[in-house]
2 protein chains.
Amino acid sequence: MKYKEKLRNSGLRPTKQRVQICEVLFDTEKTFHFTINDLERKIKDKIDNKISLATIYNTVHAFEKKGYLKQIPINSNQTYFDTNINDHHHFYDLKDGKLIDLENSDVGPINIKKKINGKKIKSIEVLVKLED
Amino acid sequence: MKYKEKLRNSGLRPTKQRVQICEVLFDTEKTFHFTINDLERKIKDKIDNKISLATIYNTVHAFEKKGYLKQIPINSNQTYFDTNINDHHHFYDLKDGKLIDLENSDVGPINIKKKINGKKIKSIEVLVKLED
DNA sequence: ACACCTGTTTAGAACCATTATAAACTGCGA
DNA sequence: TCGCAGTTTATAATGGTTCTAAACAGGTGT
């Protein structure tokens, strides 16, 4: 029932589908990366009832807007999301298209010297591309 | 004729279309960012004959593979490319979707401490998201 | 417990950037 | 000039994502 609370507190009505998607996304030891397609399969595996693709899209976007998920900036035919919302970065293995977490402690501090007036920095994301 | 040489030297047959696309991309004072759609319009403006969309895609991908263009890792419905192939980074203004260059001197050195065995780092790209 | 309202879910269609196709064309070496 | 492999082209196909509008379901007030 913890997800019902969490959802209600952030202004999202705690529907059956949203709670079930929370369970798939957040009932895990480790955080993980996924595409909508990955998530669709995970849901099929873990949940008896069907959740429509449109709902999966809606929910993922709603969760991202609330800050429960992060989109990973990467050029791929599919959008990648991350259940790890802490500041961290990624390796991207070009050979097999796999993403690997880079903890913040794995990357030295990043100092942005340039400023754009009227704007503030929302996030700093580093993508390290790997080849053989 | 400089582009004919350049193309031939990198194993690309210097066709009329490729040379013309070179002129649109590289005959400029400053480097710039673009989507395929942007490039299509630029070509229409500067070139008399038509170049088909498929050729634009083919050429951009060929140039990227040869290292004359870089793809910018960003989540957008369209793929962004950059004629600046030096190591540098980007601001991304979330409000209006605009990209702004961050010169390497604007960003302190980035130290990646983690290693993946058998893999080497091909590139390090930083995306700084801006909000109001 | 009921009804109602609004937010949510749903299947399917629509959208649109990108890629595939296959026929016509062209740079270039023989 | 000939011939071929590499390119270009218009168009169709693909596939992830978004839209639509009808059915459904939390939640509040009665």
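In which order do the 3 strands of the open sheet in chain A stand? The order is E1-E3-E2, and the pairing is antiparallel. This is a predicted model. Chain A and chain B also build a sheet of 6 strands, in the order E5(A)-E4(A)-E6(A)-E6(B)-E4(B)-E5(B). The contact between the chains takes 39 residues from chain B and 39 residues from chain A.

- Strand E1 (33–35) and strand E2 (70–72) of chain A stand at the edges. Each has a single partner strand, so one side of each is left without a neighbour in the sheet.
- The twist averages 40 degrees from one strand to the next.
- E1(A) pairs with strand E3 (residues 80–82) of chain A over 3 bridges, in the antiparallel sense. Within this sheet, A:Thr35 stands opposite A:Tyr80 in E3(A).
- Helix H3 (residues 36–46) of chain A packs on the sheet and touches E1 and E3 of chain A. The direction of H3 makes about 95 degrees with that of E1(A).

- Strand E5 (98–102) of chain A and E5 of chain B stand at the edges. Each has a single partner strand, so one side of each is left without a neighbour in the sheet.
- Neighbouring strands are turned by 25 degrees against each other on average, direction ignored.
- Strands of a sheet pair through backbone hydrogen bonds, either parallel or antiparallel.
- Strand E6 (residues 120–131) of chain A and E6(B) run antiparallel, joined by 11 bridges. A:Lys120 stands opposite B:Glu131 in E6(B).
- Within chain A, 5 bridges join strand E4 (residues 89–93) to E5(A), and these strands run antiparallel. The bridge partner of A:Tyr92 in E5(A) is A:Leu99.

**Area and make-up of the interface**

- The size of an interface is often given as the accessible area lost when the parts come together.
- About 3,500 Å² is buried between chain B and chain A, and carbon and sulfur atoms give 53% of that area.
- B:Asn75, B:Lys119 and B:Glu131 supply 17% of the area that chain B buries against chain A, more than any other three residues.
- Between chain B and chain A, 22 residue pairs are in polar contact, with both residues at pLDDT 80 or more.
- On the side of chain B that touches chain A, the elements giving two or more residues are strand E2 (70–72), strand E4 (89–93), strand E5 (98–102) and strand E6 (120–131) of chain B.
- E6(B) gives the most to that side, with 12 residues.
- By class, the side of chain B that touches chain A has 18 nonpolar, 8 polar and 13 charged residues.

**Salt bridges**

- Side chains of opposite charge can pair when their charged atoms come close.
- The count over all chains comes to 12 salt bridges. Across the interface of chain B and chain A there are 6 salt bridges.
- B:Lys119 forms a salt bridge with A:Asp93, with the closest N and O atoms 3.0 Å apart. B:Lys119 lies in the loop between E5 and E6 of chain B, and A:Asp93 lies in strand E4 of chain A, so the pair joins two chains.
- The side chains of A:Lys119 and B:Asp93 also meet in a salt bridge, at 3.0 Å from N to O.

Key: Residues numbered from 1 in each chain as written. Chains lettered and ligands numbered in written order. Predicted model: local features only at pLDDT ≥ 70, side-chain atom pairs only at ≥ 80, totals over all residues. Heavy atoms only, no water. Contact = heavy atoms within 4.5 Å. Buried area = accessible area lost by both parts, 1.4 Å probe. Salt bridge = Lys/Arg side-chain N within 4 Å of Asp/Glu carboxyl O. Polar contact = N/O pair within 3.5 Å; in protein donor to acceptor, adjacent residues only side chain to side chain. Helix = DSSP H or I, 4+ residues; strand = E, 2+ residues; numbered from the N terminus. Nonpolar A, V, L, I, M, F, W, Y, C, P; charged D, E, K, R; others polar. Pairing = 2+ DSSP bridges. Axes fitted to C-alpha atoms, helices over the stretch in contact; angles between N-to-C directions.
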